[in-house]
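Colleague: I would like to learn how to read a few features of a model with care, taking the general idea first and the case at hand second. Could we go through one together?

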Amino acid sequence: MERPQSPCPSPDLGEAIRHAQYRMLAAHMPHMYLACIFSGLLLAYIFSSVAPPLVVYGPMTILLVLSSVRLAYWWSPKHPKTDSPANIDRIIYGTPFYAAFYYALISVWTFGMSAYGDESHEMLAAFYVAICTFCGISFNANLPRCVYAILIAGSGPLVVSLFATGHRLADVFAAMYIANIVIQVVAVRRTHNDFVSAVRLRLAAEVSQFDSEAARRDIARVANTDALTGLPNRRALLEALANQIDGAAPGKTFAFALIDLDGFKPINDVYGHTAGDDVIVTVANRLKEAIGPHGVVARLGGDEFGLILHEANEHDRVLQLTKDIVGTIDQPIQLDQGIARISACCGIAIFPKAATASTELLQRADEALYAAKHAGRGVTVPYNEDLESKQTRRLLIDTRLRDAISQSALTLAYQPIRQLRTGKITSYEALARWNDSLLGHVSPAEFILVAEQTGLISALADNLFERALVEAATWPHDVSLSFNLSPLQLHTPNFALRTLATLAAHRFPPGRLLLEVTETALLTDINAAALVIDQLRNAGIRIALDDFGVGYAGFAYLEKLTFDKLKIDRSFVSGMKDDKRKRQIVKAIVEMCHSLDIKCIAEGIEHESDADLLKSMGCDSGQGYLLGRPGPALTKPGNPLEARAAG
Ligand code: C2E
Ligand code: MG
Ligand code: MG
């Protein structure tokens, strides 16, 4: 996902100057040699009629060969971009020596020929040397050492020979020449200083640009990386997903999966955040190693990860591959406090079958994950038509439920909770009922979940709670109202205050209210939940831990929070008579309740044998079809336990 980075420009000014000089040479040298070759050929032509061929063509051939070789070198397509720094240094350091030799050769050649001509020939030769010298100076202006070499090798002999002729014209020419040379040298010095300053500025600009690019890259990396695991984060995964969709060839498929750890929260709550971090990092490393080059794994936040599996041509294969990857999580994790074991649920959406847009794909994977979570621990669910119809039903429930709430179409059934010893009703649990004209009877387990997902839960719960209070106010004073709290409710702002205000408005004593919370309500933030529970208990409201035993860390919550009652989940009670292990578990829970001074309520008592067993174990209270089905409160005053005792 990362772009290759350009190397940091070297901060060495000398090196930068040599590179710039090299670029100048590469740009100007061909012109200089062309000018020298052209003028040299003309000069040779003029002298060919007066000087011997060896004197004219001997040095000229050497000059021509040298010029052509250099011309070919500088014109080569290799220059200047691909030349190595070492080669550049060699050229820059070598050029003054080469220039000295070249201009010395020009001097030797021209003065050799001058001996054969008249005054005009001499002046032409001097003029040729002067042109070549000025040409060399201006084209090498940024290489002062080269300029000096040219002056010494080219101009020195020229000036000496001009003065040596004794002609006035030659003397004047020599004087003008010297004056110009002096001006040229001064100009060269200034040009070179400006050149060095320009290189310095450009170098500083390049370094600062590199620094700001590096800073930009750092910011982009941080923005796209999860700080704890070093994996790409949600933003990077969504970008990768969009790229994967854009680049998907026709007929090619890939899988997008969401992974959520099972029971991670209790590890965090019980062992602390450092242990929680260790678990997340271990899981991240395992996923990364398992997916290898076949895809991308990212941490989306908390205990949720996302995967893109590049190759998914076969549905069954991708399912198996994803299961294998997720399966790597399910290995023991060594923590300072001991060994932890954790599993994960996974929802998969396969492109393009499940969806073709990234947001939809994410949503489908999320729905599949949701279904997986509901199916149990360590479950992987691919998105399919079945889930699609469930989603359609959820949407329908949502729409109908909004109307039902606004029209107060939901009702409440009350199921008695009785003392097992006496059969006396101590409280009624209010259970929501909804019979929709289109959907028929919808189970509260189903519509409460939808209400939680769509944010309807507060309106729904407030409505039901007020109606339950009105109803419970008509009951005998020693009968309490047991009311279920949705996990989200406990975390709504000022929940305890609002509940107390509602109780006060209905003049309902807090002591007659029992609020039932499930483990899921405590999972989100145990400290926040503990605070609310304390506030409620301090006001006299009693709290029951509902469905105990089916969650991940019931015992951990008992250690951290104070409950008044504990309801043993129906799954342990039903069939207890024929299942020794269940009996042992229930007995252990009852005994634990006694030692923690918590009242124990057994749920789902359907048979007399269950009631007898529970009584013999010392369980305080019970609830179940045997003791009374959910229905209107107190309409059936008959007490099945008492009736049985009497019978
Ligand atoms: P829960 O709080 O554990 O409620 C007990 C559930 O067990 C009720 O199902 C009840 O009808 C059922 N039940 C009671 N005795 C027996 C029995 O002997 N055998 C069997 N098989 N079942 C029995 P229901 O009414 O379908 O409620 C399901 C869940 O929905 C409740 O579980 C509770 O978590 C939730 N719920 C119901 N009403 C409300 C509500 O008003 N607010 C909230 N937040 N949740 C509610
Ligand atoms: Mg309950
Ligand atoms: Mg329950």
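Colleague: Which residues make the nonpolar surface patch of about 320 Å²?

Modeller: A word on the source comes before the reply: this is a predicted model, in which local features need pLDDT of at least 70 and side-chain atom pairs count only at pLDDT 80 or more, while totals for chains, interfaces and linings use all residues. Residues are numbered from 1 along each chain as its sequence is written, chains are lettered from A and ligands numbered from 1 in the order in which they are written, and side-chain values use heavy atoms, with hydrogens and water left out. Patches are made of residues with over 30% relative accessible area and no salt bridge, nonpolar side chains (Val, Leu, Ile, Met, Phe, Trp, Tyr) being joined within 5 Å and like charges within 9 Å; a salt bridge is a side-chain nitrogen of Lys or Arg within 4 Å of a carboxyl oxygen of Asp or Glu, and accessible areas come from the Shrake-Rupley method with a 1.4 Å probe, only the protein chains shown counting as cover for residues. Here the patch is formed by Phe163, Ile178, Val182 and Val186.

Colleague: Which helix gives the most to the nonpolar patch?

Modeller: Helices (H or I, at least four residues) and strands (E, at least two) are DSSP runs, numbered from the N terminus. Helix H6 (residues 168-224) is the main contributor, with three residues, and Val186 has its place in that helix.

Colleague: What does Asp546 bridge?

Modeller: Asp546 bridges the magnesium ion (ligand 2) and the magnesium ion (ligand 3), which lie 3.8 Å apart. The protein donors of ligand 3 are Asp546 (OD), Asp547 (OD) and Glu603 (OE), lying 1.9 to 2.3 Å from the ion, and their spacing in sequence is D-D-x55-E. Asp546 has a relative accessibility of 6%, whereas Asp547 is partly exposed at 27%.

How values were computed:
Donors = N, O, S within 2.8 Å, 3.2 Å for Na, K, Ca; no water. Buried < 20%, exposed > 50% of the residue type's maximum accessible area, 1.4 Å probe, protein only.
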